[in-house]
Amino acid sequence: MSTHSSSDIKPPCMPRNGLVKIPAQSNGLGSASITKGTPAAKNRLCQSSSIPTVLPPPLPNHSELASLAQAAHVPSSSLCGLTDSIPLVEPNSNKTSPSTCQPSGSKRKLSLSSMEGQLPILDEKIINRLFWYFSSCERCVLAQVCKVWRKVLYQVKFWEGITPILHAKELYNILLNGEKEFVNLQGFAIRGFDSFCLIGVSDLDICEFIDNYPLSKKGVRSVSLKRSTITDAGLEVMLEQMQGLAHLELSGCNDFTEAGLWSSLNARITSLSVSDCINVADDAIAAISQLLPNLTELNLQAYHVTDTAMAYFTAKQGYSTHTLRLNSCWEITNHGVVNMVHSLPNLTALSLSGCSKVTDDGVELVAENLRKLRSLDLSWCPRITDMALEYIACDLHKLEELILDRCVRITDTGLGYLSTMSSLRSLYLRWCCQAGWFTAEIYKKKKVGELDWDLDD
């Protein structure tokens with residue numbers, strides 16, 4: 001046995017006399033030697049090797065990605081993203097062919113670009129269904145991820161029934177020179193929004209909105225103006241320019257007058273809501289009744305409307321109007337109820353919430369004349385007693401919803417009358433201090449319909 005010092009021991013691939021010795025391969029092909037630094041060695045480095053190499057598994061094609069996505073319940077876009085981490089050149093860089101001598105990054109980009117024409121089609125089909133599981137607020141965020149997602153999410157079907165809310169301060173961009181420029185609303189037009197809520201706007205803001213929103217002339221069907229300084233002139237311009245407007249809401253707008261309603265309202269409007277507008281009184285109801293023959297829904301909250309206004313509704317509105325909500329109309333009494341039930345006999349939804357002067361006699365008139373009612377709101381009517389509930393139970397057989405919040409004189413006796421109503425589905429008794437849980441237990445045992453109890457302790 002011979003011994004060697006540590007300096008005599010050499011690794012198997014140490015260079016000797018300018019040669020590099022390659023150890024034997026496991027495939028049994030033997031060894032080879034390459035002269036280090038010679039031109040022949042450099043030429044052989046750029047030639048294809050005769051020794052076969054182990055290649056990575058081939059990339060899945062378009063149809064395979066789709067089947068994988070269905071089997072794993074994940075979007076194929078996620079599967080396509082995995083290809084970015086797979087190198088598109090052979091892992092043995094010493095045995096690359098002449099066509100692969102360019103950097104691997106450019107090769108990778110070239111291969112991906114050839115797939116771009118096929119993969120987005122598959123992605124759009126999957127994410128079209130996926131995006132239905134997100135809320136409208138979440139879709140706004142997802143639309144900022146990439147162009148493909150934005151293209152899919154900006155389809156009209158994802159935004160039907162959504163109303164954008166725009167504040168006056170959000171309608172303008174401040175330029176470098178200090179001037180204001182109206183924001184670009186093209187993104188809203190692409191998504192096909194036909195309803196807007198504008199808060200704190202003026203006449204000028206409304207005119208700018210009409211000029212800059214492509215669908216404003218005929219595509220906008222509903223506008224809500226809240227806490228705005230719109231005047232009679234601005235209201236007239238808006239209703240004249242927006243030819244497709246059918247639903248109008250005015251809330252907290254104290255600068256327009258009844259004269260503005262007379263000059264601006266037109267027959268296209270089928271739904272009108274007016275609340276917290278100090279200049280609305282009986283003459284405003286006269287304008288509404290005369291100028292809106294096709295009115296189907298009226299929501300009114302006005303402190304100065306009296307019984308006389310309820311007689312202004314025309315015979316045509318008697319056939320078309322099915323919803324009337326009179327909220328906090330303090331001056332309306334039972335006489336106003338008489339005028340209303342004769343003018344609007346086809347109502348299916350009625351609210352007298354906050355009409356504190358209405359008594360049991362007024363409820364009796366409603367029950368006897370409005371047999372088609374499906375929803376009745378008598379909340380905050382402190383003069384309503386158990387007798388009114390008896391009238392309701394005897395005559396309103398189609399009633400499905402009854403709201404009795406803050407009717408402090410109602411007791412278990414009156415609620416017992418309602419237990420005979422098989423059509424009643426929702427009953428609200430919040431802050432009814434004399435209504436106990438005993439009647440609630442009776443309803444549960446009899447299983448009369450499927451009542452939605454909202455009973456305050």
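This is a predicted model: local features need pLDDT of at least 70, side-chain atom pairs count only at pLDDT 80 or more; totals for chains, interfaces and linings use all residues.
Which residue does Arg374 form a salt bridge with, and how far apart are the closest N and O atoms? Residues are numbered from 1 along each chain as its sequence is written, and side-chain values use heavy atoms, with hydrogens and water left out.

**View 1. Arg374 pairs up with Glu400.** The partner is Glu400, and the closest N and O atoms sit 3.1 Å apart. That makes a salt bridge (a side-chain nitrogen of Lys or Arg within 4 Å of a carboxyl oxygen of Asp or Glu). Arg374 is in the loop between H15 and E13, while Glu400 is in the loop between H16 and strand E14 (401-403), so the pair ties together parts that are 26 residues apart in sequence. Helices (H or I, at least four residues) and strands (E, at least two) are DSSP runs, numbered from the N terminus. Arg374 is partly exposed at 40% relative accessibility, and Glu400 is partly exposed at 35%. Here buried means under 20% relative accessible area, exposed over 50%, and partly exposed in between (1.4 Å probe, protein chains only).

**View 2. Asp395 meets Arg371.** In this salt bridge the closest N and O atoms are 3.8 Å apart. Asp395 belongs to helix H16 (residues 386-395) and Arg371 to the loop between H15 and strand E13 (375-377), so parts 24 residues apart in sequence get tied together. Asp395 counts as buried at 18% relative accessibility, whereas Arg371 is partly exposed at 42%.

**View 3. Lys357 and Glu331 link two loops.** A salt bridge joins Lys357 to Glu331, with 3.6 Å between the closest N and O atoms. Lys357 lies between strand E12 (349-351) and helix H15 (360-369), and Glu331 between strand E11 (323-326) and helix H14 (334-343). Both ends are partly exposed: Lys357 at 33% and Glu331 at 35%. A search of the whole structure finds 5 salt bridges.

View 4. Cys329 is buried, at 0% relative accessible area. The sulfur of Cys433 has its closest cysteine sulfur in Cys432, at 7.6 Å, again too far for a bond. Cys433 is exposed, at 63%.

Key
A disulfide is a pair of cysteine sulfur atoms within 2.5 Å.
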